[in-house]
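Please look over the chain shown here before reading on.

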Amino acid sequence: MQLMEWHVSNFSIVNAVWLFFCLVFFISLNIHVFIKGPTNSILHILFQDFIRYGKTKKDLQRPKRLYSFDVPKRWFSHFYVISVIWNGMLLWLLLHVVFSGEQFPRWLQTLLYVLCQHPPMDKSGDEVSVVLMLVLLLLQSIRRLIECLFISVFSNGVIHLVQYCFGVCYYILLGLTILCQKTFTENKGEVVTWSHSIPYGDWFEHVSGPNYLAELVIYLGMGLVFGGLNFTWWLVVMYVLFSHALEAVLCHEFYVKKFESYPKHRKAFIPLIF
């Protein structure tokens, strides 16, 4: 308890940003699940336009002027290109600091000081944890980039421009968040069909969004690298929980609406629970 109080007393801008993201997606999840207003109201349409993308957005009836804010869902790959370049650079700079005794560039020191509210690189002994976290993030980004380029089938799905900008900022902020913790303790790949069908096998037998659940598990595992007691990273995990729960619910509703034979026992996000 004392350790957690010490973390909260050093509440920083980066903590505030992640707490804000948590609240936004927590509120959005509850609005979508529990508040059922008129579906033809402009507020309802704008809300659904912001939270939906890809297949969950195809049947959304909205004014044509809102289409001007759509960008192709295949642009998801941009997130991971940026993440590989940006977080790869941060890892390279961190390795120079750890093994060569150099300092971060002045611009990065200033940025980290503003976000973290403390000097960026005192010798606190947790360099290995931070390096490992950035390595894991880089590997995750490379994996997702490969999926986007060679595995995923995007067809003509779209995302909102705000979602696109958020995705770009998300991976930039995530790497900086990790650095802020420095001072804290058919098997050929062929497209079988362009239409959606009921997925089966492995985690799909239990939830409609196993990809969202798996990513939550990844972030939980990364939190253990920090010993499980890092307040800022748990804010990141809570953001992932609420944002992915919302997308899993939308995905589940899409399958239930589209397929009358969709398995009744499947949950949206967490097996047997939600």
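In this predicted model, L272 is found in the segment that follows α9 (231-258), where helices (H or I, at least four residues) and strands (E, at least two) are DSSP runs numbered from the N terminus. The model is predicted, so that local features need pLDDT of at least 70 and side-chain atom pairs count only at pLDDT 80 or more, while totals for chains, interfaces and linings use all residues. Residues are numbered from 1 along each chain as its sequence is written, and side-chain values use heavy atoms, with hydrogens and water left out.

**Single residues**

- L272 has a phi near 70°, which is a positive value in a residue other than glycine.
- L272 counts as exposed because its relative accessibility is 78%, given that buried means under 20% relative accessible area, exposed over 50% and partly exposed in between (1.4 Å probe, protein chains only).
- A16 has its place in helix α2, and with a relative accessible area of 37% A16 is partly exposed.
- A16 and L115 are 99 residues apart along the chain, and their C-alpha atoms are separated by 9.5 Å.
- V153 lies in the loop between α6 and β2 (158-160), and V153 is partly exposed because its relative accessible area is 38%.
- V153 and R74 are 79 residues apart in sequence, and the distance between them in space is 8.4 Å, C-alpha to C-alpha.

**The chain as a whole**

- The secondary structure of the chain comes to nine helices and two strands, and from the N terminus on the elements run α-α-α-β-α-α-α-β-α-α-α.
- Of the 274 residues in the chain, 46% are buried.

**How helices pack**

- Two packed helices are described by the angle between their axes and by the distance between the axes.
- Here the axes are lines fitted to C-alpha atoms, for helices over the stretch in contact, and angles run from 0 to 180 degrees between N-to-C directions.
- α2 and α9 pack at an angle of about 25°, with their axes 8 Å apart, which means that α2 is roughly parallel to α9, as angles under 35 degrees count as roughly parallel, over 145 as roughly antiparallel, 65 to 115 as roughly perpendicular and the rest as oblique.
- α2 passes α9 in a left-handed crossing, a term used if the near helix is turned anticlockwise from the far one by less than a right angle, with right-handed used if clockwise.
- The residues of the contact of α2 with α9 divide into 19 nonpolar, five polar and one charged, where Ala, Val, Leu, Ile, Met, Phe, Trp, Tyr, Cys and Pro count as nonpolar, Asp, Glu, Lys and Arg as charged, and the others, Gly among them, as polar.
- Helix α6 (residues 127-150) packs with helix α8 (residues 210-225) at an angle of about 165°, their axes being 9 Å apart, so α6 is roughly antiparallel to α8, and the crossing is right-handed.

**The second largest pocket**

- About 630 Å³ of space lies in the second largest pocket, and the elements that give two or more residues to its lining are α2 (13-34), α3 (42-51) and α9.
- A pocket is, on a 1 Å grid over the protein atoms alone, an open set of points where a 1.4 Å probe fits, with protein on both sides within 12 Å along at least five of seven lines, and lining residues have an atom within 4 Å of a point.
- The lining holds 24 residues, of which H32, T39, H44, Q48 and R52 lie nearest the centre of the pocket.

Conventions: Points joined across faces, edges and corners; volume = space filled by probe spheres on them.
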